[in-house]
Amino acid sequence: MAVHPTHTEHIDSETGKLGMWLFLFTEIFLFSGLFLVYAIFRAKYSADFHVAAAELNAFIGTINTVFLLVSSMTAAMALTAIQKGNKRLTLFLLLVTILLAALFIVNKYFEWSHKFEYGIYPGSPVLKNMSQGELLFFGLYYMMTGLHALHVVIGMILLTINVVKVKLGTVNSERYLILENSALYWHLVDLIWIFLFPLLYLIT
Amino acid sequence: MKNDEKHISSYSSLVIVLVILLFLTTISVLVTGFHLGAFTVAVALIIASVKVYIVLTQFMHLRFENLFLRLAVTGVFVLFALITIGTFIDYFFR
């Protein structure tokens with residue numbers, strides 16, 4: 001029995017990953033509900049949604065898309081790096097991912113404050129004078145991008161925890177489930193944005 | 001158990017995936033500038049779906065996962081599609 005004394009603790013990474021996926025399913029349905037609301041109101045007030053969506057800055061949206069796509073790649077690369085046992089590269093890639101996430105949030109900050117300057121924020125007098133459809137569009141815009149931004153921040157926290165764990169060596173080429181699951185979470189954040197971006201910024 | 005036979009994505013393959021994703025984003029931005037009317041929505045959503053499929057299979061390694069997980073993920077998206085269709089039918093033919 002004691003042939004492998006160093007492997008007494010059993011880590012079932014397959015099950016751990018399945019658990020993460022089940023959690024991601026609930027996340028997908030959380031956003032799905034909002035997408036469904038968007039779809040129905042868009043069908044009902046298509047003209048208003050047209051006008052309101054034109055207010056959004058497609059350039060900022062595109063830049064943020066690029067940030068998230070690149071960060072998704074660096075997160076996937078970080079997993080490859082830890083699997084290959086390259087600690088320094090893993091840390092570097094995780095930090096690049098966090099930096100890109102931070103740039104996304106900074107961009108979002110400027111985007112939102114620009115809207116606020118024009119008096120477009122939830123419950124503002126300007127918004128109350130708009131048509132029903134525009135009101136709904138901006139409501140959904142703040143709800144969906146806000147909830148997404150919250151996920152970006154949570155993702156940044158998860159990635160930071162990974163940086164510490166990789167540094168300490170508790171996450172290594174043998175045990176990297178938390179890094180794998182954090183990367184999955186980060187890809188989900190990217191995945192949701194892939195749908196949000198065309199629906200809010202491009203379809204004008 | 002499966003740890004030994006785990007697939008490790010190569011750096012170069014991940015870069016290629018990113019290039020494809022950025023290419024699709026560019027197309028998506030350009031196409032919506034053409035004002036194709038109702039087609040704009042369709043084209044934008046089709047491109048987004050292709051991108052999501054690529055992220056799921058490549059970045060999230062679903063390509064190398066077991067059949068159960070792949071079916072489960074497919075099931076989630078099929079369920080969402082059914083709910084959407086059901087809601088629209090209910091909404092427009094009530």
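Is the crossing of α3(A) and α1(B) left-handed or right-handed? The crossing is right-handed, a word used when the near helix is turned clockwise from the far one by less than a right angle, while anticlockwise counts as left-handed. This briefing walks you through a predicted model, in which local features need pLDDT of at least 70, side-chain atom pairs count only at pLDDT 80 or more, and totals for chains, interfaces and linings use all residues. Residues are numbered from 1 along each chain as its sequence is written, and chains are lettered from A and ligands numbered from 1 in the order in which they are written.

**Chain A as a whole**

- Chain A has seven helices and zero strands; helices (H or I, at least four residues) and strands (E, at least two) are DSSP runs, numbered from the N terminus.
- Along the principal axes, the C-alpha atoms of chain A fill a box of roughly 75 × 30 × 25 Å.
- Among contacts in chain A with a separation of 6 or more, 79% join residues 24 or more positions apart; a contact needs C-beta atoms, placed from the backbone, within 7 Å.

**Where chain A meets chain B**

- On chain A, 31 residues are in contact with 32 residues of chain B.
- Helix α3(A) gives the most to the side of chain A that touches chain B, with eleven residues.
- That side of chain A has 20 nonpolar, eight polar and three charged residues; here Ala, Val, Leu, Ile, Met, Phe, Trp, Tyr, Cys and Pro count as nonpolar, Asp, Glu, Lys and Arg as charged, and the others, Gly among them, as polar.
- The axes of α3(A) and α1(B) are 10 Å apart, at an angle of about 165°; axes are lines fitted to C-alpha atoms, for helices over the stretch in contact, and angles run from 0 to 180 degrees between N-to-C directions.

**Helices α2 and α6 of chain A**

- The axes of α2(A), residues 46–53, and α6(A), residues 132–168, come within 8 Å and cross at roughly 55°.
- That angle makes α2(A) oblique to α6(A), and their crossing is right-handed.
- Leaving aside neighbours within four places in sequence, A:F137 is in contact with A:D48, A:F49, A:A52 and A:A53.

**The nonpolar core**

- The largest nonpolar core has 62 residues, and A:F137 is one of those that touch the most other members; such a core is a set of buried Ala, Val, Leu, Ile, Met, Phe, Trp, Tyr and Cys residues joined through C-beta atoms within 7 Å.
- Helix α7(A) provides the largest share of this core, 17 residues.

- You will find A:A81 in helix α3 of chain A.
- A:A81 is buried because 25 other C-beta atoms lie within 10 Å.
- Although A:A81 and A:S173 are 92 residues apart along the chain, their C-alpha atoms are separated by 8.5 Å.

Terms used:
Angles under 35 degrees count as roughly parallel, over 145 as roughly antiparallel, 65 to 115 as roughly perpendicular and the rest as oblique. Two residues are in contact if their C-beta atoms, placed from the backbone, lie within 7 Å. A residue is buried if 20 or more other C-beta atoms lie within 10 Å of its own, exposed if 12 or fewer, and partly exposed in between; C-beta atoms are placed from the backbone.
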